[in-house]
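Subject: Structure handover

Hello,

Here is the structure I promised to pass on. Please open it first, then read the notes below it.

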Amino acid sequence: MHRSPAVAATVDPARVADLTAAENERFESSHPRSRELFERARAVMPGGVPMSWMVKWPGAFPVFVSEAAGAHFRDVDGHDYVDLCLGDTGAMTGHSPAPTVATVREQVGRGITAMLPTEDSVAVAEELRRRFGLPLWQFTLSATDANRHAIRYARHLTGRRKIVVHDGCYHGSVDETFAALDADGRTVARRGNIGRPVELDETTRVVEFNDVEGLERALASGDVAAVLAEPALTNVGIVLPDPGYHDALRELTRRHDVLLIIDETHTLSAGPGGFTGVHGLEPDLMTMGKAIAGGIPAGAFGMTAEVAARIAASVELEDIDVGGIGGTLAGNALSLAAMRTTLTEVLTDEAFARMIPLADRWADGVDAGIAAYGLPWHCNRLGARGEYTFTPVAPRTGAEAHAGGDFALEQLLHLYALNRGVLLTPFHNMALMSPATSEADVDRHTEVFHELLGHLMGPGRA
């Protein structure tokens, strides 16, 4: 467990342990059907789950979902939940948005995949160009694949082998990005990195977010093909860029002939054109996935006309299918149909105009609880997303965000909320709004959060 000094001095670990034990007992007694399914699952799936991360949910076992719609889901024991996790962004549209569902049902009957283009592919590329500014687009089944393809192209075009990433970044399961800085500032494998193919300093240079001097040193090495960057860190807690950081990032990459790849997958919450649209970023390539098809697997990567021309001039037609770019199911008819409807009818400008104020309402409720109990915590905002950290001020780097973590306290906060019908993202204290989220949903979290702080801090601490 990593506990920040501020948290250790304010929250009694023994109190956390006692409350967690009580909440675990409550959880287990109220979810007998989920327990039964979990016991069956353990016999046929490692950890009793279909994907390994699912073991990280609070409680002795995960809740098993029976149905989900809008901003709510229901488990097999009949409990209804306000979903503020939304599949860790995959369901930012809300669960099963009606326009996307109707399109998917129709497209399934008309053809799922043929490894040929459809009219929807043109429409989606046009819409992405409108939102993000990059003129040319390709499609994948995930943001991970989009990132892999962008990195391959960057190495191909520059003849260089290394990429730069930020400490604490998240870019899916791309090998090169599972890197971190050690205490001496060296690039090493990130804690928990499983089965790395090579040592990370062979492929990657890591810099701290917001560290312009460190970025300049990394690029001056002359061996960097691309910087792959989230506009704001999102998976170690929200870490926002300092004023001018993105300007410096763009200027330095251009100065050193390094391609800039912006991964908007999680920062799509900033607005209809993501962080790029709000702040006028100018990447050479852009990647995204998760929410853009309403939960149907899909990803995309865009590029400038210059990048596209350089690729076209250097890749032979005979070899275009054997170079490590693309995939048999990429750009399939079903994914593109879902993407077209999701972008034009669900994640619209009007939807974001509702979602972002709801996220502010959520963050205001968190801030009020923090202030009421004098806690040295902070709440960051990123469009339709908000997150609180156990730090007195906003972290500026991934290292600062990581040092402010407290896994045991997070587990209690999440389990307490879960037992009262509110689901938060399991990896950190994040909430995401969807077009279907209501003020009542947000206020339910505020009520539960304040109630927990009262129990956590004890009588007379308010």
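This is a predicted model. The chain has a mean pLDDT of 95, and 97% of its residues reach 70 or more (pLDDT is the predictor's confidence in each residue, from 0 to 100). Residues 1-9 have a pLDDT below 50. Beyond near neighbours in sequence, that stretch has 23 contacts in the model (contact means heavy atoms within 4.5 Å).

Some ground rules. Residues are numbered from 1 along each chain as its sequence is written, and side-chain values use heavy atoms, with hydrogens and water left out. In this predicted model, local features need pLDDT of at least 70 and side-chain atom pairs count only at pLDDT 80 or more, while totals for chains, interfaces and linings use all residues.

**Pockets**

A pocket is an open set of points on a 1 Å grid over the protein atoms alone, with protein on both sides within 12 Å along at least five of seven lines. A cavity is a set of points where a 1.4 Å probe fits but cannot get out. Lining residues have an atom within 4 Å of a point. Points are joined across faces, edges and corners, and a volume is the space filled by probe spheres set on them.

The largest pocket holds about 1600 Å³ of space. Its lining has 48 residues, and K56, R190, R191, N235 and H402 lie nearest the centre. α13 (398-403) gives the largest share of that lining, five residues. By class, the lining has 20 nonpolar, 17 polar and 11 charged residues. Here Ala, Val, Leu, Ile, Met, Phe, Trp, Tyr, Cys and Pro count as nonpolar, Asp, Glu, Lys and Arg as charged, and the others, Gly among them, as polar. Helices (H or I, at least four residues) and strands (E, at least two) are DSSP runs, numbered from the N terminus.

The second largest pocket has a volume of about 1100 Å³. It is lined by 44 residues, with M51, M54, W57, G87 and D88 nearest its centre. β1 (65-69) and α6 each give two or more residues to this lining. The largest share, four residues, is from α6. The lining has 24 nonpolar, 13 polar and seven charged residues.

**Helix α6 again**

α6 (residues 143-158) also packs against α10 (residues 305-314). The angle is about 70 degrees and the axes are 11 Å apart. Axes are lines fitted to C-alpha atoms, for helices over the stretch in contact, and angles run from 0 to 180 degrees between N-to-C directions. That makes α6 roughly perpendicular to α10 (65 to 115 degrees). Y153, H156, L157 and T158 of α6 meet V307, R310, I311 and S314 of α10. The contact has four nonpolar, three polar and one charged residues.

**Cavities**

The whole structure has three cavities of 30 Å³ or more. Among the residues that line it are M92, R131, F132, L268 and G271. Its lining divides into nine nonpolar, one polar and one charged.

The second largest cavity holds about 40 Å³. Which helix supplies the largest share of its lining? It is α15 (439-457), with four residues. α14 (407-418) also supplies at least two. The lining has seven nonpolar residues, one polar and no charged.

Best wishes

Conventions
Parallel < 35°, antiparallel > 145°, perpendicular 65-115°, else oblique.
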